[in-house]
Amino acid sequence: MAETIRLTIDGKAVEVDKGTSVIEAARKAGVMPPHYCYHPGLTVAGNCRMCLVEIEKMPKLVTSCTTQAADGMVVLTRSDKVKKGVAGVEEFLLANHPLDCPICDQAGECRLQEYSFKYGNAGSRFREHRMNFKKDVEVGPHVVLDSERCIMCTRCVRFCDEVTRSSELGVFQRGLHNEIGIFPGRPLANDYSGNVVDICPVGALTLKEFRFQKRVWFIRDVPTVCGGCAAGCNVNLGTSENRIYRLTPRENQAVNGWWMCDEGRLSYKPIAESKRLADPESKGGAGFEPSRLPDAAAKIADRLKAAGPSGAAILASANLTVEDLWVVKRLAGAIGPALRVVVPERLRGKDDGFLIKADRTANRKGAALLGFDVDAGGGSTRALLDDVASGRITTLLAIAEDPAALPGGDRALAVLAKGGQLLTIDPFLTVSAGAAAVRVPAAAYGEFEGTYVNFHGRAQRVRRAVTPRSSALPVWQLVALVLQRLGATAAYGSAPDILREVAGAVPAFAGVTWTSLGAGGRALEEPGAGASIAPKGIPRGAGAARG
Ligand code: SF4
Ligand code: SF4
Ligand code: FES
């Protein structure tokens, strides 16, 4: 067990492990000094000089990020001496900083603005010309550098050295001419490059996809979970006027630390850009005709029932929430216990040993815990689609899955289009939805709430941030309508209602409630599961992660 020490910071007593820095002890005491270069996920650089504190018996101010706390230490973070020192540092940092705030994307969440307001002087004594550097330099596919705004904290350089271990960024030139840059022919193209934008305390690094899109004070952050892969990184969905503008990582030390990957960060884009299904429709003589939702649900129920458990089957996505899948399970039970339900495998790329998982679905673990056939290896999906192609299965309900995109799906779709029944519940106008007999629009990521279980068995809440522009509803609500038509009692009012039922019926979810999941989720008590801790970065020797 680590030895503990006691010190006082601004009169508050605090107890920390021996070896803790003064800034970390101050954070624990709730009196965090201003700082630029310090980041809890990176090594200490001690170069910005902003975190100055006064320590009893020490003649000069010291930087709290580079000073170890000691037993009995008395620290002041807001004495007159500290205020004067910090204001001086701020004045130096602003000496060359352009007055870009009105057009800077960082404005509103800029540390330089924040600390100038809190700790800076009202005026500047500098009369010299400010240094000029090139602005708007694309240093990678997603990141733009404006060197004039850089305060040389080196957080971005350390991130690439220590977390992605790809070292694309470096400090070039000397003294006043110091500049962040890339090496010739080596763009900032690692799989996590967007994180440098998040950790840049000023507007020197901005995200190409978010630049000039929205002033940040109009953005409302909704805490949720990324649906891009099985890692389940905690994120904030930044929305404004019912539109998603960005995804940024949210700290969770049991999952993703402070980081997220670029693919996940930009995963909202294809959702917004894909063609959505607008209203329920069924195929008539003259093509697709609008259908009332209860009628479309009734058609789905009647056709599944007519085919029976041996002639019908369901393909359900591993991106459905626990609540969606639970109602799908009940639907399958209402048709007959022999009905085949497969959750197809969606593997892409490889596990990088850090955050990115080969399984690019959000809730395969949840589906497995609910007892679904999660099809490791793809054999069940292939067998099911072969049975559709050979006519053994005549009616297929695809829920947020596009059978046409699965191996063997082309043949199955051709047969269904001729005489079988393809029924789809999907947010998008997929190839399969184009060939369906009945198609019903579902809510997409960001438009529904529920629970995902990540690869490690951590149940986490995914939240609704926007409302669908069409008549789309969450999958559980649509499937419950189909269930009702089959005579089952399925009076679910909300996702928490369903989770309560799941917790009462599935041992892995025992005791799980909507509120117990909180902001950071909860590890399900599974045999063999231990406490998870976010890995610190790409494993050493794994090489640079390239996007
Ligand atoms: S670009 Fe941003 S993160 Fe990088 S050194 Fe400059 S201020 Fe720091
Ligand atoms: S690692 Fe997976 S869950 Fe995390 S941000 Fe990337 S895609 Fe999303
Ligand atoms: S935060 Fe301590 S020197 Fe920069």
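Tutor: On a 1 Å grid over the protein atoms alone, a pocket is an open set of points with protein on both sides within 12 Å along at least five of seven lines, a cavity is a set where a 1.4 Å probe fits but cannot get out, and lining residues have an atom within 4 Å of a point. The model is predicted, so local features need pLDDT of at least 70 and side-chain atom pairs pLDDT 80 or more, while totals for chains, interfaces and linings use all residues. Residues are numbered from 1 along each chain as written, chains are lettered from A and ligands numbered from 1 in written order, and side-chain values use heavy atoms, without hydrogens and water.

Let's begin with the second largest pocket. Its volume is about 860 Å³ (the space filled by probe spheres on grid points joined across faces, edges and corners). Arg111, Val197, Asp198, Ile199 and Pro249 lie nearest its centre, among 33 lining residues. By class, the lining of the second largest pocket divides into 15 nonpolar, six polar and 12 charged residues (Ala, Val, Leu, Ile, Met, Phe, Trp, Tyr, Cys and Pro count as nonpolar, Asp, Glu, Lys and Arg as charged, the others, Gly among them, as polar).

Now for the largest pocket, which has about 1,100 Å³ of space. Of its 41 lining residues, Gly227, Ile271, Asn319, Arg360 and Phe428 are the closest to the centre. Helix 6 (262-265) and helix 7 (268-273) are the elements that give two or more residues to this lining. Its classes come to 23 nonpolar, 10 polar and eight charged residues.

Ligand 2 takes up the space of this largest pocket (more than half of its atoms lie within 2 Å of the grid points). Around ligand 2 you will find Cys226, Gly228, Cys229, Ala231, Gly232, Cys233, Met260, Cys261, Gly264, Leu355 and Ile356 (each with a heavy atom within 4 Å). Eight of the residues in this shell are nonpolar and three are polar, with no charged residue. Charged residues do belong to the lining of the pocket, eight of them, although the shell of ligand 2 has none.

What about the enclosed spaces? The whole structure holds two cavities of 30 Å³ or more. Within the largest cavity lies about 90 Å³ of space. Cys150, Cys153, Cys156, Cys200 and Ala204 are the closest to its centre, out of 13 lining residues. That lining has 12 nonpolar residues, one polar and no charged.

This largest cavity is the space taken by ligand 1. The shell around ligand 1 is made of Cys150, Ile151, Met152, Cys153, Thr154, Cys156, Ile180, Cys200, Val202, Ala204 and Leu205. In that shell, 10 residues are nonpolar and one is polar, and again no charged residue takes part.

Helix 9 (residues 322-335) has 14 residues, and 10 of the 14 are buried (under 20% relative accessible area; exposed is over 50%, partly exposed in between, with a 1.4 Å probe and protein chains only). The buried residues of helix 9 are Val322, Glu323, Asp324, Leu325, Trp326, Val327, Val328, Leu331, Ala332 and Ile335. Just after helix 9, Gly336 takes a positive phi of about 155°.

Asp10, with phi near 50°, lies in the loop between strand 1 (4-9) and strand 2 (12-17), and at 29% relative accessibility Asp10 is partly exposed. Arg165 has a phi of about 50° in the loop between helix 4 (155-162) and strand 8 (169-172). With a relative accessible area of 26%, Arg165 is partly exposed as well.

Conventions: Helix = DSSP H or I, 4+ residues; strand = E, 2+ residues; numbered from the N terminus. Expected span 1.5 Å × (residues − 1).
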